[in-house]
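Subject: Structure for you to look at

Hi,

Here is the structure I promised to pass on. Have a look at it first, and then read my notes below.

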Protein chains: 2
Amino acid sequence: MGSERTSRRELLKGGAALAGGVTLGELASSQAQAHDHPMTPGSQNASPMILGSKELVEYGQRSRYVTSVRIQHPPGGRPSPDLFGKVFHVASPLQDSVGVITPSSLHYVATTRGSYMPDIDPKLHTLTIHGLVDQPLTLTMDDLKRFPSVTRLHFIECAGNRHTPRQKTVQETHGMTSCAEWTGVLLSTLLKECGLKGSATWFVAEGAEEVKGASSMPIAKAMDDCLIAYGMNGEALRPQQGFPVRIIPPGFEGIFHTKYLRRIKVVDRYYMNYNDFGHLREDPKEAALSEQIGPKSVITYPSGGQQLPGRGFYEISGLAWSGGGAIRTVEVSTDGGKKWNLAELKTTPQRMAHVRFGYQWTWDGNATEILSRATDEIGQVQALREQIAQWWNVPVERNYRVPGLDNSVMPWKIAKDGSVTNGLA
Amino acid sequence: MGSERTSRRELLKGGAALAGGVTLGELASSQAQAHDHPMTPGSQNASPMILGSKELVEYGQRSRYVTSVRIQHPPGGRPSPDLFGKVFHVASPLQDSVGVITPSSLHYVATTRGSYMPDIDPKLHTLTIHGLVDQPLTLTMDDLKRFPSVTRLHFIECAGNRHTPRQKTVQETHGMTSCAEWTGVLLSTLLKECGLKGSATWFVAEGAEEVKGASSMPIAKAMDDCLIAYGMNGEALRPQQGFPVRIIPPGFEGIFHTKYLRRIKVVDRYYMNYNDFGHLREDPKEAALSEQIGPKSVITYPSGGQQLPGRGFYEISGLAWSGGGAIRTVEVSTDGGKKWNLAELKTTPQRMAHVRFGYQWTWDGNATEILSRATDEIGQVQALREQIAQWWNVPVERNYRVPGLDNSVMPWKIAKDGSVTNGLA
């Protein structure tokens, strides 16, 4: 075989055949090896072997070499105290993510209703729907599963998913969002079963946590697309995601996705309660509805803390999502926002779901800044930091302190040595 | 609140408002409860609580009440001996499945190259592409991940996924298929990087198992849709699925999906080898290509071993898939095959992926047989048992013994007491 130099020249030549004419600049270790025959046993990869065990038959585990884990949020390790105990907030390792499904074991978790998760026996759990309905209904989990089901891909994002100059990785800046395939019953199906009274305008969803918080949402949302979910990524909900049942109001901020759901009361007004601490507006409609997520996007590779091995070809990869519907386009800038280029959508955009985007880029080895910007199907465009600063009349470098959700464009700085850092810092 | 009788009458009345006019006949335990105010703490569901631990922060686990597990295949518990040791075959619990994603921990596993799984350090693993190419290539995992990626939903099915009269559950009859979101690089991208010589017509994919088996596939398949996958359901491949990298030739039977992939040789002929034991045909093209999966479907609820609590409304639920492309339609019969009704597709059909179907049915309490039948986008229709028996000139009750893959329609018998059993028995 040729020398490494020959090999690299051939790669560059071969690269011209790639879609988009990209070339791999410097591969981490490119050296071709000759083999005589397909059946020749290779000597590389003489790995130790794992024998099947009862546990591996029943429920498989990941490789001991895969160590991607969630971290506490906000970073620092100490849980934040709140009025009712310790908050359990953990962020998903987006820097290691591929595709759009978040593995259930790595789905972000936020609880603001106490740090303990109810350990619910599904045979004893019931969901009651009452209030302004013709016929109240109490359903066991078996009852609930007899109704017509739907399966939908939806993201959830915590309102606290903000990017600030102090954060180092995309897990820290954006890890409080995840996406899963949810299965359950449309809330509209259950409400039609009960029969809504004419005065029904809002509903309150209550979970079984220690703190009896509840969330108010408009009946219009209930009749549109709210899902009463018992399945997640092909199996039962995980305890951290509200086992045995939660509500998914697609596109609303995470706190409305009440877990351990046991009661829905149909009412004629907006009920302020514990969960409204984040959005205590005068106007009840605004209080409930000003907090629809996105549009938002973030580059997950390359992102803070990662290292480019050298100049050459890279596929910039990231996630985009919106509470306004499906993502229509994602743009990527590799020059600090001067020029925006259309990214490729790697998965089919779905309503209120993460979409994976990619942009093929040849890095010339100079320091730069990379950014992404999403537009959703109703035409909402993710805001630049400069725009948000202007709206709120604050300096650009303080725009992360403005009220409301933070869906501004996230910059990653790439230094000449290939190191990637938070562009807000 | 009214008596249980009143409650049930109201449910039936309410049920008329459901899409399709279905009614829930007998709910397992329907009793409505009154509540005074959304904020009233309920006394039901006073569940014990789980406190967050380091393990629960890092990588969440399922509820102790969720006990769905894989089982050895074929059923009976004893691993089948083969030439090279014990085969590790485990089937997915389809009776508990929802949606189309199979959780990675529950994905079916079949190994015919030894029962031990290589325990591979991804930093040491390489993939070599050589043979009839202009420039051989050896890629580390880091190299591989720099190429443009794709994310696709694909099923895999073992050729041994056959339904016979002795099997009791859908896990036993059909559990050797699963579906996941796979992320990786198109093999065509890598082959364009290498440059194919004109004589290249086949390729051989080799894994790092004990037994150095390999599979031959046509170059046309490589250039079409073969995926070199390193990601599965949003994280790294699991060891049982070939960590750190496997090949996915969509729609081909499972044995072609070489795991622990370390070598692809481009060749000018079909190589017969150990993995061809299942299809030793005279014609090499037929040997490789006669084993494309499906079209196929199966009802997962209600299925063997399950119990209908009584007459009334049910949503029959199941999975359909084909190696010929996306599923176009699924039909369900609830009268033993006399009348076929169009089922609802609950998820968007994708090429060589499971699709979830549902059919709303009111059971009158009489004994019957339910079946499903899939048609794919190229017009292939899943065969009835009677058709297969006629083709092979065997009695209908022996049609599961015919050669080749078994994609015949699966019948489930429902007795008057609501018990569900294998309709082949």
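I'll start with a proline: P302(B) sits in the loop that runs between β18 (296–301) and β19 (312–321) of chain B.

Before the rest, some housekeeping. This is a predicted model, in which local features need pLDDT of at least 70 and side-chain atom pairs count only at pLDDT 80 or more, while totals for chains, interfaces and linings use all residues. Residues are numbered from 1 along each chain as its sequence is written, and chains are lettered from A and ligands numbered from 1 in the order in which they are written.

As for terms, helices (H or I, at least four residues) and strands (E, at least two) are DSSP runs, numbered from the N terminus. Two strands count as paired if DSSP finds at least two bridges between them. A residue is buried if 20 or more other C-beta atoms lie within 10 Å of its own, exposed if 12 or fewer, and partly exposed in between, with the C-beta atoms placed from the backbone.

Most residues other than glycine have a negative phi, and most peptide bonds are trans. Chain A has a cis bond too, from F243(A) to P244(A), with omega near 10°. You'll find P244(A) in the loop between β15 (235–236) and β16 (246–248) of chain A.

Then there are the positive phi values. N233(B) isn't a glycine, yet its phi is positive at about 50°. Its place is the loop between β14 (227–232) and β15 (235–236) of chain B, and N233(B) is buried, with 30 other C-beta atoms within 10 Å. M352(B), also not a glycine, has a positive phi near 50°. That residue lies in the loop between β22 (344–345) and β23 (355–363) of chain B; M352(B) is buried as well, with 28 other C-beta atoms within 10 Å.

β18(B) runs antiparallel to β19(B), and five bridges join them; K296(B) has W321(B) as its bridge partner in β19(B). β19(B) also pairs with β23(B) in the antiparallel sense, over nine bridges, and there S317(B) stands opposite G358(B). β19(B) is mostly covered, with nine of its 10 residues buried.

How many residues of β10 (150–157) of chain B are buried? Eight of the eight are, so the strand is largely enclosed by the rest of the structure. V150(B), R152(B), H154(B) and I156(B) point one way from β10(B), while T151(B), L153(B), F155(B) and E157(B) point the other way. Eight bridges tie β10(B) to β11 (177–186) of chain B in antiparallel fashion, with T183(B) as the bridge partner of T151(B).

Last, the open sheets. In chain B, five strands line up as β21-β20-β24-β25-β26 with antiparallel pairing. The edges are β21 (341–342) and β26 (420–422) of chain B, each pairing on one side only. Two bridges join β20 (327–333) of chain B to β21(B), and E331(B) faces L342(B) in β21(B). Chain A has an open five-stranded sheet in the order β21-β20-β24-β25-β26, again antiparallel. There β24 (368–376) and β25 (412–414) of chain A pair over three bridges, one being E369(A) with K413(A).

Cheers
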